[in-house]
Amino acid sequence: NLNKKKCIVVAGDCQPPQVHALAHAINVKLENIGSTVTVTEPVEVKPAGKVIDLATLVKEMAAKQVDTLFILGGTNPAYTAPADVDFVSAVKNVGFRFQMGSHQDETAATCEWHINEAHFLEAWGDGRGHDGTVGLQQPLIAPLYAGKSVLEVLADLNPSSPLRDGLGLVRATWKKWFADSKQTGDFEPFWQEAGRSGTDK
């Protein structure tokens, strides 16, 4: 009782959910929530109903249920797919195949179109950390080989998007967040500070 609101009980990352629930219950009993423990909204890694696995996609492609396939950055399923998931044969059944990547790899060879992906140090973006902090990704250099970011390609694919450049897209997202969260003051000073510090804090 002497250490209420002054301590913390932590369960290791590899522990099962029951152990994490028990650690949380102990922290609640010790009144640590809000003092030594800050609870944040979790990042939705695999949103329900919005993500399927590669094996399911390959089955759908083999059954000619996929008309268009966009492979955007950082993945090479033609090379990395398990032996029992025949991506290369199945992808031939897709009418339009488009790959975006840092170089032409085995997957690019199965696609009709390939676009050069900008390195993350050449691109604008943002992301959320495990603690809920939103971070601003700023380019260090202009794209050396006229590469595009995933954000820019998705904007190009959306005919209703008025913006096409990475800076404009990220800025618009943050401006909407600023308005929706009813922040005080003007957006410009907030944006400048976010650019300086790299976070929304």
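This is a predicted model: local features need pLDDT of at least 70, side-chain atom pairs count only at pLDDT 80 or more; totals for chains, interfaces and linings use all residues.
Residues are numbered from 1 along each chain as its sequence is written, and side-chain values use heavy atoms, without hydrogens and water. Local features need pLDDT of at least 70 and side-chain atom pairs count only at pLDDT 80 or more, while totals for chains, interfaces and linings use all residues.

Begin by selecting helix α8, residues 187-197, where helices are DSSP runs of H or I with at least four residues and strands are runs of E with at least two, numbered from the N terminus. F187, F190, W191 and A194 are buried there, that is, under 20% relative accessible area with a 1.4 Å probe and protein chains only, whereas exposed means over 50%. These four lie on the same side of α8, because they cover an arc of only 100 degrees around the axis, taken from the directions from the helix axis to the C-beta atoms. On the other side, P189, Q192 and R196 are exposed. After α8 comes G198, with a positive phi near 85 degrees.

Next, select strand β1, residues 68-72, in which L69 and I71 form the covered face and T68, F70 and L72 the uncovered one. In a regular strand the side chains alternate between the two faces of the sheet. Strand β2, residues 96-101, runs parallel to β1 and is joined to it by five bridges; within β2, Q99 is the bridge partner of I71.

Finally, select L144, in the loop between β5 (134-137) and α6 (150-157). L144 is exposed, with a relative accessible area of 58%.

Technical notes: Two strands pair if DSSP finds at least two bridges between them.
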